[in-house]
Amino acid sequence: MADANTDPTKLKHDLWQKMADSPFVMVGPADGSAHSEPLTAQLDKDQVDTLFFFVGKDNRLAGGGRVMAQYVSKGHDFFACMDGQARIDNDAAQIDKLWNKQAEAWFPGGREDPNLTLLRVDVDSAELWETDISLSGRVKMLFGGTIKPSESGSHAKVETTAENSPA
């Protein structure tokens with residue numbers, strides 16, 4: 001991620017690659033009416049504007065609505081805040097496509113577990129930050145000094161629209 005003018009499709013694919021390495025996301029209602037909770041994102045490479053989560057029918061997010069999702073990469077060098085619309089999407093083919101051993105651990109009845117539901121979050125916008133502290137910036141962190149923005153990494157905003165969504 002070089003700067004805010006980077007291709008939105010590339011930014012989305014970069015985010016999905018980072019999330020594939022560590023798919024843990026904090027998700028909560030966008031209005032702040034409840035705390036965020038940790039969920040494991042189920043990623044579909046064919047739908048990079050969408051997050052999926054296997055949740056219980058009694059989960060606080062199962063009612064749908066606007067949500068905010070925060071992500072920090074495994075190396076703590078990439079951060080994302082995503083805003084989107086959540087809804088239940090119990091499409092059997094999508095559940096089969098995303099099903100894995102992690103999901104099975106939470107739902108002992110498997111794909112047919114009566115409490116299982118697939119939460120779909122269509123991401124409308126995101127802000128992404130990537131830290132890439134320069135050598136001089138690292139020295140300043142060790143010995144004191146002010147790090148200039150050019151020494152700290154990059155930041156980008158991505159809006160999901162018909163013109164920048166993958167076909």
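Val123 is found in strand 6 of a predicted model, in which local features need pLDDT of at least 70, side-chain atom pairs count only at pLDDT 80 or more, and totals for chains, interfaces and linings use all residues. Residues are numbered from 1 along each chain as its sequence is written, and side-chain values use heavy atoms, with hydrogens and water left out. Helices (H or I, at least four residues) and strands (E, at least two) are DSSP runs numbered from the N terminus. Val123 counts as buried because its relative accessibility is 9%; buried means under 20% relative accessible area, exposed over 50%, and partly exposed in between, with a 1.4 Å probe and protein chains only. Leaving aside neighbours within four places in sequence, Val123 is in contact with Asp49, Leu51, Met82, Asp83, Gly84 and Thr160, where contact means heavy atoms within 4.5 Å. Val48 lies 75 residues from Val123 along the chain, yet their C-alpha atoms are separated by 8.8 Å.

The protein as a whole has four helices and seven strands. Along the sequence they follow the pattern α-β-β-β-β-β-α-α-β-α-β. Among contacts between residues at least 6 apart in sequence, 67% join residues at least 24 apart. Of the 167 residues, 40% count as buried. The exposed surface comes to about 9,500 Å², with carbon and sulfur atoms supplying 53% of it; these areas come from the Shrake-Rupley method with a 1.4 Å probe, and for residues only the protein chains shown count as cover.

In soluble globular proteins, nonpolar side chains tend to be buried together. A nonpolar core is here a set of buried Ala, Val, Leu, Ile, Met, Phe, Trp, Tyr and Cys residues joined through side-chain atoms within 4.5 Å. The largest such core has 25 residues, and those with the most contacts inside it are Leu15, Met19, Leu51, Phe53 and Met82. Two or more residues each come from helix 1 (8-21), strand 1 (24-29), strand 3, strand 4 (65-72), strand 5 (78-88) and strand 6 (116-131). Strand 6 gives the largest share of this core, five residues. Apart from this core lies another, of nine residues, among them Phe54, Ile95, Leu98 and Ala103. Leu15 is in contact with Tyr71, Phe78, Ala80, Met82 and Leu128, leaving aside its neighbours within four places in sequence.

Next comes the open space. A pocket is an open set of points on a 1 Å grid over the protein atoms alone, where a 1.4 Å probe fits, with protein on both sides within 12 Å along at least five of seven lines; lining residues have an atom within 4 Å of a point. The largest pocket has a volume of about 350 Å³, a volume being the space filled by probe spheres set on grid points joined across faces, edges and corners. Its lining has 15 residues, of which Pro38, Leu39, Thr40, Phe54 and Trp106 lie nearest its centre. Strand 2 (37-40), strand 3 (50-56) and helix 3 (101-106) each supply at least two residues of this lining.

Gln102 has its place in helix 3. With a relative accessible area of 41%, Gln102 is partly exposed. Not counting residues up to four places away in sequence, Gln102 touches Phe24 and Thr40. Gln102 and Thr40 are 62 residues apart in sequence and 8.8 Å apart in space, C-alpha to C-alpha.

His76 is found in the loop between strand 4 and strand 5. His76 counts as exposed, at 57% relative accessibility, and has a positive phi of about 55° although it is not a glycine.
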